[in-house]
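Subject: Structure handover

Hello,

Here is the structure for your files. My notes follow below it.

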Amino acid sequence: MIFPIEEIFEKLAAGGPLMVPLMLVCVLMTARGLISAVQLHYAKKQIKAILKTKTFGAKDAVWADFAQYYRENRSGIDPIDSELRETMRASVILNMCQGRSVLVCASAATLLGLLGTVTGMVSSFNTIAFFGFTDISSMADGVAQALITTQSGLMVAVIGVVLGRMVKQQAKAFSVLLNDFLLKTGKAPKDYKHA
């Protein structure tokens, strides 16, 4: 069933004031996750093309500099070079991948949903305390607010966990490819041409 826009806004309004930060967390989390996924995808594509053609194109200047930095700073001692590669890979992944921030946003969504549950139930109890059990509709509004924010927080959190795990898996695969790239370009720099 497709909800008209008015019904969606009514549901959001029924969730209370915590729906605004919850939706902001959702938008931020989704944007960070998708941007990270796209960046990792294109970087992986670029590095695979460099390894396949053994040519650094004009748009590959960053990767050429990256490989050159590794060649200039490696020691020739395997454990030290391995640490250098690991540090370089970690810095690239940290700059490109926002998997952790997506998971943090998912946790925040869960907590905002829980906070909405508490505020909705407090509202219901305040209604009972003030009017007794005579004003059932006001009490129902508080329960509805509690349930809507809980549901929304959980939905956002589930999306965030799936998106965050997907980005982290992509980052792991990219890290392996980046290590291979550094090893190949570091050991045989003359095999790679600059276009």
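Helices (H or I, at least four residues) and strands (E, at least two) are taken as DSSP runs, numbered from the N terminus. On that basis, V118 sits in helix α5, residues 99-131.

This is a predicted model: local features need pLDDT of at least 70, side-chain atom pairs count only at pLDDT 80 or more, and totals for chains, interfaces and linings use all residues. Residues are numbered from 1 along each chain as its sequence is written, and side-chain values use heavy atoms, with hydrogens and water left out.

The helix. α5 has 33 residues. From first C-alpha to last, α5 reaches 48 Å, close to the 48 Å expected at 1.5 Å a residue (1.5 Å times one less than the number of residues). Just after α5, G132 takes a positive phi of about 75 degrees.

The patch. L111, L114, V118 and V122 form a nonpolar surface patch. Patch members have over 30% relative accessible area and no salt bridge (a Lys or Arg side-chain nitrogen within 4 Å of an Asp or Glu carboxyl oxygen), with nonpolar side chains joined within 5 Å and like charges within 9 Å. Together the four expose about 370 Å² of accessible area (Shrake-Rupley, 1.4 Å probe, only the protein chains shown as cover).

The cysteines. The whole structure has 0 disulfides (cysteine sulfur pairs within 2.5 Å). C26 is in none; its nearest cysteine sulfur, in C105, is 9.6 Å away. That is too far for a bond. C26 counts as buried because its relative accessibility is 19% (buried is under 20%, exposed over 50%, partly exposed in between; 1.4 Å probe, protein chains only). C105 is buried at 9%.

Regards
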